[in-house]
Structure formats: C-alpha cells, structure tokens
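Trainee: Please show me the model. I would like to go through it in questions and answers.

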Amino acid sequence: PTTIYLKDYTPFGYLVDSVHLTFDLADHATRVTSRIAFRPNPDATDRTFFLHGEDLTLIRAAIDGAEITPDVTETGLTAEVPNAPFIWEAIVEIDPGNNTALEGLYMSNGMYCTQCEAEGFRKITYYPDRPDVMSTFTVRINGDLPVLLSNGNPSGKGKGWAEWTDPWPKPAYLFALVAGDLIAHPGQFTTMSGRDVALNLWVRPGDEEKCAFGMEALKKSMKWDEDVYGREYDLDVFNIVAVDDFNMGAMENKGLNIFNSSAVLASPETSTDDNFERIEAIIAHEYFHNWTGNRITCRDWFQLCLKEGLTVFRDAEFTSDMRSAPVKRIHDAIDLRARQFPEDNGPLSHPVRPESFQEINNFYTATVYEKGAELIGMLKRLVGDEAYKQALDLYFDRHDGQACTIEDWLKVFEDTTGRDLTQFKRWYSQSGTPRVTVSEDWADGVYTLTLKQRTDPTPGQSEKLPQVIPVAVGLLSPNGDEVRPTEVLELTEAEQSFEFTGLAAKPVASILRDFSAPVILEHDHTDAERAFLLAHDTDPFNRWQAGRSLAQDTLLRMIKHDAAPGADYLDGMLTVLRDRDLDPAYRALMLGLPTQSELAAALFESGETPDPMAIWTAVETLRQATAQHVQDLLPRLLSETQIDAPFRPDAEQAGKRALGGTVLYLTSRLDGGIKAAEEYAAADNMTRQLTALSCLLRAGAGQAELTSFYNQWQHDRLVVDKWFALQVSTATPEATVDVTRALTQHADFNWKNPNRFRSVISALAMNHAGFHRPDGAGYELLADWLIRLDPVNPQTTARMCSAFQTWKRYDAERQGLMQAQLTRIAETPNLSRDTTEMVSRILG
Ligand code: HT7
Ligand code: ZN
C-alpha cells in the first residue's frame, strides 16, 4: 500500500470553475454524466491531468466535445489536456445496489444515498477528489422516486427529475445525493438578517413521529451559531436525511446533511436521555460544519483537525450552554480518557495533525476529533475569551471560501494577540499524552508548586519536547475556604515552579481545574486529602475528579493488595448522595467508577500486569460495599427521583433519571431486582425501561422482561440494537462470549448493517473481563467477525480493530492469543487497505 505524506503536498494543476452532473438512477447501472470546466492553476507547477476514479465503468470521455481515450487504472485516469481552459465530459456507470462499503453512491432500504468524505466521490465519477479543489455544482437527478435531493437550492423539478444548484464552491467530499420514498418533517428558520430558510428532516415512512426533537435541535443550533459566533446560514433550504446504513454518526454535506438514523431519530418511548443528548450534539456538530468545514475547508486530509477539532469544540460549547457546563465537561473528560488516552499511549498513537497515512478513513479518530477539540479549548484559555472571539472573526473574514491549514488557523491567533504560538504548535505535531507531576513545598509562608511534564515515546517519535500546558489552579485553606481563586499557570518548561505568598497556612491545591489540558495529572494525594477536595473544592470538575481518584485508588488497592473498600470512599459517597444541593446529574456522575479498561491501564502504567478478572471482582465488590453503605438512603432517593411531570428530554429531568438509575442499580444489588422489576413494569419512557432492564440483568434476573422487551420493540430497529447491546454488556465475564455468539445466530442479527453489527460485536470488545477471557475465545470471536465483515465493509471493520490496540498491556498468555488473532486477520487473503493498515500498526 502507498503511504501519503504531509510534506509532499502540492496543489492540483487545474482549477475547477463549475461542475454539472446528471444522474440516471438505476439500482445496478446508474449513469453519471459529468461536465466539468477546468483551467490551468497558475499556482501549480505539475500539470499532470490525473482524475481519481474507483469502481467506475467509463463509457465515454471527451475534451471540448472531442471524444478521447484516457489512460485508465484502478485508481483513476490520466489524459492529455490543453494548456488553456477546457470542458471535460465523461459518462460512467456505477452499481449502487451492490455497494456494501457505504462509500460513494449506495442503497439503503431502497433509498439512494451518498457518503463522499473522505475519498468517496471518486466512486461516483472521475474527479480531482481532494479537498483543496473547490467548485460550484449543478446536479440533475433523473429517477422514478418521489424525493430527489442534492446540495444547495432547488433549481428545477418535473415528473421523475429534479435539479439542484449549489452556489457555494465546495470540495467533492461535501457532495451529496439522496433519492427515495421519504417523508418530510418540515420546519422554518428566519436568519439574523431576516432570510427565511426552509428546513426539512426526511425520514422513511413510519419514522415521522421521531422527528420533532431533531428539528428543534437544528433550530437551536442555527440560533446559537448566530448568537455566539455571528454565523448565519447561507442557503434557502437545509435538508437532513435519516438513513439506516451508515458507517459513522452523520455527515455535513452542504445543505444536505445525512445522518445515521440512530443519530437523529428520537422519541421518549424509544430513546434514552443519552440518545437525546447525543442527537442534539450531532445535529449541532453537523450544522456548525457549515462554517467550520464547508465555508472554510481543509487544504488536505492531514488538516482534518482544522474542521473536526474546531467543530467538536463548538458543539461542546453548545451542549454546555443548552445543558449543564460542569456535567458536559466531566462527560468529555471521561470520554477522552476512555477513547483517546489509550489511542495516544498505544501502537495507534498519532499526532492531532498526522504526518502520513495509508487510508485516511483510519484517521477519523478520537485524537483528531476530541484531542483536536481540547487544543482549541487550551488556546481559548490561554488567550482569553475576548481574544478568542476576535481571532475567530478574523478566521472567518480572512479565510472564507478557502481550503486552509493549521498554520492559517494559528496565524489568526498570532495576528490577533501578538503571541508567538510556535511552542503551542507542538500540540499538533507531537503525539502522546503529557504527564504532569506535582510536588509541593511550604516554607516561611510561601507555598511553592513545582510542575514537571514528560511525554513517553510513541511510535515514530522517540524524543518529546516540552509543550505549553495551561494548568488551572485554585487554593483552598485547611478549613475548606477558597483562598486563591482559579488562576491559569502556563507550564512551558520541563520543570517549573510557581510561588504563592500571603497565605496563613499550607493550602490544599486544586490542580487542573475544569480539566484545563488533556494531560495525565500525577498528584500523590492521600485518601483524606481527596476526601477533603471531594467535600470542599469549589471547582465542580475537580470536585468530581477527587471522588473519581479516590475510587480509583481504592480499587487499585483492592486489586493489588486485596484490601477492603476504604472508608474515605464509602463515606464520601454517602455524603454526596445525601447532599440535596448537588445537581442530581452531578451526584450520579460522582457515583460512577473508572472503567475496567482504565483500571487496567493504571495498573499497567504502575508496572503491574492487569488481571481482567481481578479488576472485575474488585469493581463488583466495591459496588456491593457502596450499596450496603448507603442502603438507608436508597428508598428516599428512589422516591425523590420519581418525576411526575410529562417527559422532557432536558438536562434537569435527565439528571434526575440518571440519579434514579444509579440508585435503582444499588438497590437491585441488595434486593435481587425486586424494585427494578416494579420499575420496569411502570416504565413510561425508554430511559426508565432500559435502566430497569439493565439492573435486572445485572442482578442475574430479568429473563422474562428481556423477552417481553423484544416482543414489544421488535419492529423498531433502533430499540432492537439496544436489546442486543444490553445483553452483551451486562453478561458476566464467563458468559459474555456465549451470549455474543448466541446473539449472532439471532434472526435479527443483520451483520451487514453497521449499527446492528456494532451493537453486538463492539459490545463484546467493550465488556472488558468477558472479552479478555483467559482462553482467548473473545479474541477469536471478534477476529472471526472482523474477517467476515472486511470484504463487505472495510471502514467499519478497520475501526473495530482498535479493540486490540491495548494488547501489550496484558500477560504473556493473553498477548500471545491476541497477537495470533491479529496475525490471522493480517494474513487473510485480499484484506482491505483499511484493515491492513490498522492491523499492521497495532502489531507494530
Ligand atoms: N465529517 C464527517 C465524517 C464522516 C466520515 C468519515 C469517513 C467515512 C464516513 C464518514 N461519515 C462521516 C462527520 C463529522 O465529523 O461531522
Ligand atoms: Zn465533524
């Protein structure tokens, strides 16, 4: 496979002035006729006329009306072209009905649909399929289907055809087409300058009742982007389409967003509170791309974080504004630690702006997205809110309509603030998670905080340089009062000391408040100090963090030394649960534990070999001890978390339900599921129903409810996904593999559908102790399914290989078993480029 390097970037030899496409739709023989106006690019030196193209049957090609015979290969074509403006015309035939990879033009339940990011447009027609080639598009669709959609504004319509014109130049990855028997849920938005925009959420018949929430989320997003970033929508229509077969969450095609139905369809009966929050965030994310991604796009795919990091950051700000800012920040830290830290500290480690790739689809990662967003957050913290706003205004003014780089992005901050961001730029090029170690000194009324940073070597990067780390710090007096409000220390050296004077007594430091940088903080606190911060920290993030660290230390002691659950943790949780002044959502988060995979990482980092079964046992034991310790409170909390009002998927009700769910779980550990069965019977929304069922299954009960749940919801594919996933995620370590295997035999296990495949197979990989069963049966089962899926859907297969990325953490036996499965995958004949790259990187 070819490796592409950032350093080799050169512009394309031609500019595209306009693209006209005609689609004659047919399931197995769609004809795509293109008419493209090219002219030589004055900024380019290489004039090779190469157009990407894959899986296309070329019927005809012509330049300025004269038929030609280009040189066609498996990846594209080359042709002799004039050294002057010219018109390229081609007719190709494609087979959407057999496109199971879900990239290019494909079919889902009889509906035509596209996915072009990153390099899918080349499966539709011959084109310079790279993000720095931008053009206006006019698209005519001929097809005997009621709804025919493409990007931009409608510009013509008749029986069996429709034409769309997108006036905004765009790269081909933002092209989209949808055709099918769809129903619109309409809406309307008036922009800040008074323009009316027609909104539509298009769904399959039967899904009409699940559109209202998504439509409201879209309107809120449009308003928020105007209010907070001054960004107005720029077309007459905005269409969203829900599709059942989709590799990722959603796609921001200009004016025609396409969504995985799981990321847009919602109703109280079928969606959990987590689903509602995720849907609101994804709708916002895709909408925000209209400016950060579409109006200003990426020069090349190495700059992916330019649009993704910024857009994730913007959607996080939106969620914080719509819901609870501390809860959102805690969720984001949990997510970063669970998904990005293992990536950053394992064989798949890569910089936020990678320097090479074989298959770009493999770089839509937590590092590019979530760590990329953290970099924006740090930049904002370092320059301040006002300068951030000015820099963003300058970014939009200066770069509208362009394909940009990280250098362009950082330059607007340098020009706005006068600050030199050379060192900050290391965050984009250096992979690995920095570790910040804290030591303290108290002498003569001066408190000295010494911070040291180090980043371990990562693949291809043995030497690491110090980074700019904003460390938000506050100081508490021994009686719990805040004696120094939050201040951002800038750690730029490998080791740096910061002095605080004028203090009456040695303070307790609250460090890395609000999770001010994506680093691992190593601060040796005693349980008592953590309990103190848990009780007194004024920073909600660090207050939660104190509880989380206390839980982690407790669990590690239980695992390593067979210790009993510590009183500091148990009493701390009792206090938290009792505290009615604390937001219920926050109380529920406080009771959460580190994941078993995180505990394995912590053990590995402290030089121990993690034993998944010992980790599972410790977690179970601590849960049981917590339930017993707080048992007197549980009945009252159960009744306090009941909601009498009609269902609302907002933060307030969701928080109450989250706390209620935690309390029900603890209760069911003590009563064997009696309360959970009552709750299941009374459930009037999916959050309650699924939580109750989960509690029952975890308590070893609930088989009748499991069956009745299926019977109730078997017609609803998104709920059936939950039914599959729940069984695997609640299975005991011994049963996980058998439960998974049995579910793959179920008539509804349509493994070619990515949502269904993930609901079972990803759930297996995420059940830590079950997946890591000592005989390797979990590894073998996962590998079997990856090998089976690869020829059908390489993208989804490759993403799921990351389940093996932590293989070197475990004992020699397990390492050998995982290595054997990785090798088996690698040696599979005709393995896709996607999976080949992932497996070889993981094997190292
Ligand atoms: N920008 C979108 C990425 C995406 C994607 C990438 C590769 C293959 C399939 C895909 N579907 C969507 C989604 C986003 O970040 O908004
Ligand atoms: Zn995105």
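Trainee: How many nonpolar, polar and charged residues are in the shell around ligand 1?
Mentor: Ala, Val, Leu, Ile, Met, Phe, Trp, Tyr, Cys and Pro count as nonpolar, Asp, Glu, Lys and Arg as charged, and the others, Gly among them, as polar. By these classes the shell around ligand 1 holds 5 nonpolar, 6 polar and 4 charged residues.

Trainee: What conventions apply here?
Mentor: This is a predicted model, in which local features need pLDDT of at least 70 and side-chain atom pairs count only at pLDDT 80 or more, while totals for chains, interfaces and linings use all residues. Residues are numbered from 1 along each chain as its sequence is written, and chains are lettered from A and ligands numbered from 1 in the order in which they are written.

Trainee: Which residues come nearest to ligand 1?
Mentor: A residue is near a molecule if its C-beta atom, placed from the backbone, lies within 6 Å of it. Strand E20 (250–251) and helix H2 (273–288) each supply at least two residues of the shell; helices (H or I, at least four residues) and strands (E, at least two) are DSSP runs, numbered from the N terminus. Of the 15 residues around ligand 1, the nearest are Glu117, Asn247, Met248, Met251 and Tyr364.

Trainee: Why is helix H16 described as largely enclosed by the rest of the structure?
Mentor: A residue is buried if 20 or more other C-beta atoms, placed from the backbone, lie within 10 Å of its own, exposed if 12 or fewer, and partly exposed in between. H16 is called largely enclosed because the buried residues number 16 of the 21.

Trainee: What length does H16 reach from its first C-alpha to its last?
Mentor: H16 covers residues 651–671.

Trainee: Is phenylalanine 771 buried or exposed?
Mentor: Phenylalanine 771 lies in helix H23 (residues 768–771). It has 25 C-beta neighbours inside 10 Å, so phenylalanine 771 counts as buried.

Trainee: Which residues is phenylalanine 771 in contact with, leaving aside its neighbours within four places in sequence?
Mentor: Two residues are in contact if their C-beta atoms, placed from the backbone, lie within 7 Å. For phenylalanine 771, with those neighbours left aside, the contacts are Thr736, Leu764, Ala765 and Gly778.

Trainee: What distance separates the centres of domain 1 and domain 2?
Mentor: Domain bounds come from an automatic or database domain assignment, which gives domain 1 (4–260) and domain 2 (715–844). Taken over C-alpha atoms, the centres are separated by 33 Å.

Key. The expected span of a helix is 1.5 Å times one less than its number of residues.
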